[in-house]
Amino acid sequence: MGYKENYPSKLLEEAVEAISSLPGVGRRSALRLALHLLKQPQENVHHFAQAVVNLRDEVKYCSECRMISDEDRCSICSDHTRDHNTICVVESVRDVMSIENTGQYRGVYHVLGGIISPINGIGPSDLTIRELVQRVARKCSQGDALSGVEVILALSGDVEGETTSFYIYRQLAQYDIKVTSLARGLGFGDDLEYADELTLGRSI
C-alpha cells in the first residue's frame, strides 16, 4: 500500500506533487523538501524557482554537438585550441561532463541524446545520428579528412550500446575517416583471477 499523507494545505499538497515528479524523489522526501522550502527566506525560494524556470526556458542545445549551452554554440565547440577533427560520440550530456572531468581529452563531442533501444521505442531517427553523419560529411567535403578525422564511439558496452555503435559505424563507412571505440576490459587494480572471460578477452 502506497504512502498516504493528509495535507493541511492544498498549496503544500501541490508542491509535494510537483517535487515528487522528479526522478528518485518519493512523496516522503518531497514533503520534507517542501517543508524545508517553507522555512527559507522568501528571496531564496524565489531565486531557486527562477533558476529552474531559466534552465527550462533559456538553455540551448549546441548547434554543432547538441551539448547544453547558454549560447547557440557551446564553449567546447567554440574553443579553437581543441582538436576539432576528433569527435567523441556519447549518449548524454552527463557523459560529456564525466569525460571533461578527467582533463585527458582535448577533442570535441557529439551527443546522441540516447541509444537505440527497440524495447523502449527508440530508433535511429530519435537520436542525432543523422546530424553526426552530416557533420562528418561536411568535414570530408572541406578536406579535413586529409589531416585525419577520427570518430570515437564512447557508448555503453551493453547490447543496446553495441547496437548503436555498429549502426553508426555502418553509417560512417562511406567516409575515409577513422572510427574507433573506447578500450574495454580490466579496470585499474583488477585481479585477472576474478575477471570473466568476456572482459578478459576484450582486454587482450
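Analyst: Start with helix α2, whose buried residues pack against α1 (10-20), contact meaning heavy atoms within 4.5 Å. Bear in mind that this is a predicted model, where local features need pLDDT of at least 70 and side-chain atom pairs count only at pLDDT 80 or more, while totals for chains, interfaces and linings use all residues. Residues are numbered from 1 along each chain as its sequence is written, and side-chain values use heavy atoms, with hydrogens and water left out.

Helices here are DSSP runs of H or I with at least four residues, strands are runs of E with at least two, and both are numbered from the N terminus. Helix α2 covers residues 27-39, 13 residues in total, and stretches 19 Å from first C-alpha to last, close to the 18 Å expected at 1.5 Å a residue (that's 1.5 Å times one less than the number of residues). Ala30, Leu31 and Ala34 are its buried residues, with buried meaning under 20% relative accessible area, exposed over 50% and partly exposed in between, using a 1.4 Å probe on protein chains only. They span an arc of only 100° around the axis, so they sit on the same side of α2; the arc is taken from the directions from the helix axis to the C-beta atoms. Turned away from that buried side is a face with the exposed Arg28, Arg32 and Lys39.

Now for the sheet. Four strands make an open sheet, ordered β4-β3-β5-β6, with parallel pairing; two strands count as paired if DSSP finds at least two bridges between them. The edges belong to β4 and β6 (178-181), each with a single partner strand, so one side of each has no neighbour in the sheet. From one strand to the next the twist averages 25°, with axes fitted to C-alpha atoms (for helices, over the stretch in contact) and angles running from 0 to 180 degrees between N-to-C directions.

At one end, β5 (residues 150-153) pairs with β6 over four bridges, in the parallel sense, and leucine 153 faces serine 181 in β6. Helix α6 (residues 159-172) packs on the sheet, touching β3, β5 and β6, and its direction makes about 165° with that of β5.

At the other end, β3 (residues 83-90) and β4 share five parallel bridges, with valine 90 opposite valine 111 in β4. The chain gets from β3 to β4 through helix α4 (residues 93-102), in a right-handed β-α-β crossover.

How values were computed
A crossover is right-handed if, with the strands pointing away from the viewer, the path from the first strand over the helix to the second runs clockwise.
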